[in-house]
Amino acid sequence: MFNFIRKQFIDVIQWESPDEATLVWRFPVADQEIQNGASLTVREAQMALFVDEGKAADAFTPGRYTLTTQTLPVLTNLKNWDKFFQSPFKSDVYFFNTRQQLGRRWGTAQPVTVRDAEFGVVQLRAFGMFAYRISDPVAFFKEVSGVVEHYSGEQLEAQLKNIAMTQLAAAFGTSGIPFLDMAANQVLLSQTMTERLRPEFAKLGVALENFTVESVTLPEAVQKALDSRMSMGIVGDLGKYTQFQTAQAIPLAAQNEGGIAGIGAGLGVGAGIGQAMAGAMAGMMQPQAATQPAPAAEDPQAKLAKLKTLLDNGLISQEDYDTAKNEVLKQLIG
């Protein structure tokens, strides 16, 4: 009979085999009572909290304690005990896993819309990792877990990630860092996010150990536009590049039916192509003229033959041909 009665009282309170995924675990008191003078063992990376009728009372850090009115001052006050209280009592006891929760991944489920200095309004995605731990069991009990048998890290992290996404949008919007510079400023962005999130996490009784931004990406359409812009940067001076391309096109144009006029019509640029080719040829010939000696005078008969070829191919008009021919003849006759 004595053994039966004694089994109704709890002498040792501890969390022997904590589950890594569990952050909060309620000690199974059920209909039993805690013996006055019982032993409470709180291991490293744990904290314990006594709760009376849903109200947080005394919290204990790692160590071994003998439960008396002296070690339970808040609970003593809630239950209106005096210092000579000796009888068993009932109270919920919650253990908190304070081990650092490492390698927790976060990411934007939906793109974050921000205003960028170079691209205007864009939608960004970001990914990274963070680590946290329960630092204040009283605040965590009041703000997060409440009266439950157990509370998991998965439940908490969903809430923490929502807070992070809200602060991420604010950080993007106020950073003033163009997207092109964000890759080089991920460390600074990580520090900014850590500073923003720590007070928000602390309100929940959680300490943010670190928060890292691993990547910031653009939507596919914007990324393609950025790739095109980068390609143009690699090309360099667009004017010189156009001159080079135009000069390369001259031999091909002469081989096509209709000559340069046909190519000009096909490209829809009309007389403008002639100006572009003339500018291209002038730009290419100027450096050569500055570094090479002037060529010898061309044979007048050869000039006349070239002029006749240009006339026959429709590259110059009859009037241009007659004028140029007269100039050559003047040089030949004297």
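In what order do the 5 strands of the open sheet stand, and is the pairing parallel or antiparallel?

Analyst: This is a predicted model, in which local features need pLDDT of at least 70 and side-chain atom pairs count only at pLDDT 80 or more, while totals for chains, interfaces and linings use all residues. Residues are numbered from 1 along each chain as its sequence is written, and side-chain values use heavy atoms, without hydrogens and water.

The order is 5-4-7-2-11, and the pairing is antiparallel. Strands (E, at least two residues) and helices (H or I, at least four) are DSSP runs numbered from the N terminus; two strands pair if DSSP finds at least two bridges between them. Strand 5 (55-60) and strand 11 (150-152) are at the edges with a single partner strand each, so one side of each has no neighbour in the sheet. Within the sheet, strand 2 (residues 22-26) pairs with strand 7 (residues 92-97) over 3 bridges, in the antiparallel sense. Val 24 is opposite Phe 96 of strand 7.

Phe 96 is also among the residues with the most contacts inside the largest nonpolar core, which has 39 residues. Such a core is a set of buried Ala, Val, Leu, Ile, Met, Phe, Trp, Tyr and Cys residues joined through side-chain atoms within 4.5 Å, where buried means under 20% relative accessible area with a 1.4 Å probe, protein chains only. Helix 4 (residues 153-175) gives the most to this core, 8 residues. Domain 1 (12-80 + 88-97) and domain 2 (101-219), with bounds from an automatic or database domain assignment, both contribute residues, so the core lies between them.

Definitions and conventions. Buried means under 20% relative accessible area, exposed over 50%, partly exposed in between (1.4 Å probe, protein chains only).
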